[in-house]
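Below is a short report on a single protein chain. It takes up a few residues and then the chain as a whole.

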Amino acid sequence: MNTGPEKLIVSISKEGEFYVNAKEVSIKKLTQLLKATATLPKKPVILVVADEEVPLKHVTKVVDLCRENGLEDFRLQSR
């Protein structure tokens, strides 16, 4: 049985582009992906990666999406 990935990496560029495991996604697709991830039997750790050039509003958006979907095991990492 596939329980999903152990870790999901969400990267944010300073231009506000979102990437999931290095693949660019729209905010709509990211929202759908996080909703689907929340239904997995074993929820992965969400690693939010951004550098200091990324506006805080983009990081906050991802954190809010995680919380809205019950994905409480997320970590912030700066580059």
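Ser13 is buried, with a relative accessible area of 12%; buried means under 20% relative accessible area, exposed over 50% and partly exposed in between, with a 1.4 Å probe and protein chains only. This is a predicted model, in which local features need pLDDT of at least 70, side-chain atom pairs count only at pLDDT 80 or more, and totals for chains, interfaces and linings use all residues. Residues are numbered from 1 along each chain as its sequence is written, and side-chain values use heavy atoms, with hydrogens and water left out.

Ser13 sits in the loop between β1 (7–12) and β2 (18–20). Helices (H or I, at least four residues) and strands (E, at least two) are DSSP runs numbered from the N terminus. Not counting residues up to four places away in sequence, Ser13 touches Tyr19 and Val54, where contact means heavy atoms within 4.5 Å.

Ile12 belongs to strand β1 and is buried too, at 1% relative accessibility. With residues up to four places away in sequence left out, the residues that Ile12 touches include Phe18, Val48, Val49, Ala50, Val54, Val59 and Val62, as well as Glu17, His58 and Arg79.

Val45 is part of strand β4 (residues 45–50), and its relative accessible area of 16% makes it buried. Apart from neighbours within four places in sequence, Val45 is in contact with Glu6, Lys7, Leu8, Asp73 and Arg75.

Two residue pairs, with their separations, are set out here.

| Pair | Apart in sequence | C-alpha to C-alpha |
|---|---|---|
| Ile12 and Glu53 | 41 residues | 10.0 Å |
| Val45 and Arg75 | 30 residues | 7.5 Å |

The chain has two helices and five strands, in the order β-β-β-α-β-α-β along the sequence. Of the contacts with a separation of 6 or more, 69% are between residues 24 or more positions apart. Buried residues make up 39% of the 79 residues.

A compact globule of 79 residues would have a radius of gyration near 12 Å, and the chain agrees with this at 12 Å; the radius is taken over C-alpha atoms, and the globule rule is 2.2 Å times the number of residues to the power 0.38. The C-alpha trace spans about 40 × 20 × 20 Å along its principal axes.
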